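Biologist: I have a new chain on my screen. Can you walk me through it?

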Amino acid sequence: MHRLTRPLAYLAITGVAVAAFLVIRGYGDQLVAAPSAAPRPGAASLRVSPDTLFHVLLALVAVIVIARVTGMLLRRFGQPPVIGEVLAGIMLGPSLLGRIAPGTAQFLFPPETVPLIGMLSQIGIILYMFLVGLRVDLGQLRGRASVSVAVSHASIVLPLLLGATLALWLYPRFSSSDVSFTSFALFIGVSMSVTAFPVLARILAERDMTTTQLGAIALACAAVDDVTSLCLLAFLIGTVRSAPGDVLTTIGLTAGFILVMAFAIRPVARLLRMARDERGELTQGMFLLVCVGLLLSALATERIGIHALFGAFLWGTLIPRDSKLAQDLIARLEDVVVVLLLPSFFAFTGMRTEIGLLGSEHLLACALIIAVASLGKFGGSALAARATGLGGRQAMALGILMNTRGLMELIVLNVGLELGVVSPTLFTMLVIMAVVTTVATTPILDRLR
């Protein structure tokens with residue numbers, strides 16, 4: 001009897017509620033509302049139609065699944081998963097899906113969803129750069145500072161100069177009068193000098209090389225490389241975005257921001273670390289403060305004119321890599337960023353990469369870009385390593401590792417395309433260079449070992 005009481009009571013309450021609503025509706029249908037008011041300016045733009053949201057969610061599902069499957073397949077061939085994720089983004093773009101099944105591509109990525117996916121990708125990259133900053137450990141320079149600094153700077157200076165030299169040939173063919181040669185040459189040089197610290201770290205970890213002499217030097221060099229390359233990129237962005245008379249102001253504000261972060265904000269990061277150690281866990285309040293600091297740092301550098309990712313990266317470097325706070329933040333953020341948000345960046349990059357733009361006349365330029373990038377990065381690193389006392393085989397292996405570009409390169413290239421420094425055609429060739437140089441790393445390294 002007791003078992004029947006509850007269902008009957010539930011049905012009675014539901015029936016009374018439905019009857020009461022029908023009575024209310026009967027009275028409400030006799031009422032007359034006021035005429036509809038004109039929409040406020042900008043109100044319509046705040047609404048996202050259910051159809052748009054459906055396509056954004058569908059696109060994210062497709063990108064996440066295909067990126068993960070492609071990454072797993074390529075991992076069997078010794079390639080880092082990021083290569084599969086990059087290729088997945090390209091395959092879903094106009095280069096493959098848009099060519100063989102344009103209707104499907106239009107359904108997955110209608111034009112109104114592209115800005116939303118682009119915004120998601122920007123948030124993902126800002127969080128990713130914060131994670132990169134958390135992992136950078138400049139303490140690795142202790143005991144090997146001379147080798148690391150020499151190799152990292154040689155691996156930046158030589159490709160930067162070679163890239164600027166190549167720009168003399170590329171500029172009249174793939175640029176326009178809207179872009180100054182200085183900005184163009186500086187960007188080509190920076191794109192040639194990038195090393196992907198996270199991808200390199202994963203390659204070393206998978207081969208149990210992190211604790212070896214070569215692995216430690218490579219990680220230290222890549223850390224210095226990333227910091228230096230990001231500083232160069234910030235300088236480039238400030239130069240392009242600012243009027244000629246405002247460049248010095250932008251540089252001054254950037255230097256001031258770095259000083260404020262180093263001397264005024266670092267103690268805040270230290271207090272957060274101490275609070276986490278005292279509590280024994282990362283509380284929601286601490287996580288809130290870290291996120292607010294991250295957003296404010298990104299906001300400040302975006303306002304200065306050197307891109308939000310620089311502020312996110314710098315905020316991450318203030319938190320010691322070996323602290324419990326850094327480990328907890330990585331544990332909380334990494335899966336969400338890598339699994340959910342970064343695929344949107346690969347999809348956005350894929351939409352911008354149009355291999356169909358390249359004809360037979362572009363093959364020479366593409367080959368030159370790959371050759372100059374590889375020669376500058378490998379040659380500069382290997383020669384500097386050899387000059388500082390490393391053996392020939394170790395010096396060559398270090399040069400190969402420093403030629404790893406991966407996701408960091410794509411971030412730099414997307415910034416260049418957003419700034420209008422590079423055309424879609426040149427952007428596509430540089431993306432191909434990033435993929436080829438990263439793919440070549442693991443088989444050549446395994447052969448040398």
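Biologist: Let's start inside. Which residues does Leu127 touch, not counting residues up to four places away in sequence?

Modeller: Leu127 touches Leu294, Val337 and Leu341. Bear in mind that this is a predicted model.

Biologist: Where is Leu127 found?

Modeller: In helix H6, which covers residues 114-135.

Biologist: Is Leu127 buried or exposed?

Modeller: Buried. Its relative accessible area is 18%, and buried means under 20%.

Biologist: Two of its partners are Val337 and Leu341. Why might residues four places apart point the same way?

Modeller: An α-helix has 3.6 residues a turn, so residues three or four places apart point the same way.

Biologist: Zoom out. What is the secondary structure of the chain?

Modeller: There are 18 helices and 0 strands.

Biologist: And what does the C-alpha trace span?

Modeller: About 90 × 60 × 50 Å along its principal axes.

Biologist: How much of the chain counts as buried?

Modeller: 48% of the 449 residues. The accessible surface comes to about 21900 Å². Carbon and sulfur atoms account for 68% of that surface.

Biologist: Among contacts between residues at least 6 apart in sequence, what share join residues at least 24 apart?

Modeller: The share is 82%.

Biologist: On to charges. How many salt bridges are there?

Modeller: The count comes to 4. One of them pairs Arg135 with Glu334, with the closest N and O atoms 2.7 Å apart. That pair links distant parts of the chain: Arg135 sits in helix H6 and Glu334 in helix H14, 199 residues apart.

Biologist: How accessible are Arg135 and Glu334?

Modeller: Arg135 is partly exposed, at 29% relative accessibility. Glu334 is partly exposed too, with a relative accessible area of 22%.

Biologist: Which residue does Asp225 form a salt bridge with?

Modeller: Lys377. The closest N and O atoms are 2.5 Å apart. Asp225 lies in helix H10 and Lys377 in helix H15, so the pair ties together parts that are 152 residues apart in sequence.

Biologist: Are Asp225 and Lys377 buried or exposed?

Modeller: Asp225 is buried, and so is Lys377.

Biologist: What about Arg352, which residue does its side chain meet in a salt bridge?

Modeller: Glu418, at 3.8 Å from N to O. Arg352 is in helix H14 and Glu418 in helix H17, 66 residues apart. Arg352 is buried, with a relative accessible area of 19%. Glu418 is partly exposed, at 36%.

Biologist: New topic, the surface. Which residues make the nonpolar patch?

Modeller: Val61, Val65, Val69 and Leu73 make it, and the patch is about 340 Å². Leu73 is in helix H2, which runs over residues 50-75.

Biologist: Last stop, H18. How far apart are its end C-alpha atoms?

Modeller: They are 36 Å apart. H18 has 25 residues, 424-448, and at 1.5 Å a residue it should span 36 Å, so the two values agree.

Biologist: Where does the kink lie in H18?

Modeller: At Thr441, shortly before the proline Pro443. The kink is about 30°.

Biologist: How far is Pro443 from Leu127, where we started?

Modeller: They are 316 residues apart in sequence. In space the distance is 31 Å, C-alpha to C-alpha.

How values were computed. Residues numbered from 1 in each chain as written. Predicted model: local features only at pLDDT ≥ 70, side-chain atom pairs only at ≥ 80, totals over all residues. Heavy atoms only, no water. Helix = DSSP H or I, 4+ residues; strand = E, 2+ residues; numbered from the N terminus. Expected span 1.5 Å × (residues − 1). Bend = angle between axes of the 7 residues up to and from the residue. Patch = residues over 30% accessible without salt bridge, like charges linked within 9 Å, V, L, I, M, F, W, Y side chains within 5 Å. Areas by Shrake-Rupley, 256 points an atom, 1.4 Å probe, with all protein chains shown as cover. Buried < 20%, exposed > 50% of the residue type's maximum accessible area, 1.4 Å probe, protein only. Contact = heavy atoms within 4.5 Å.
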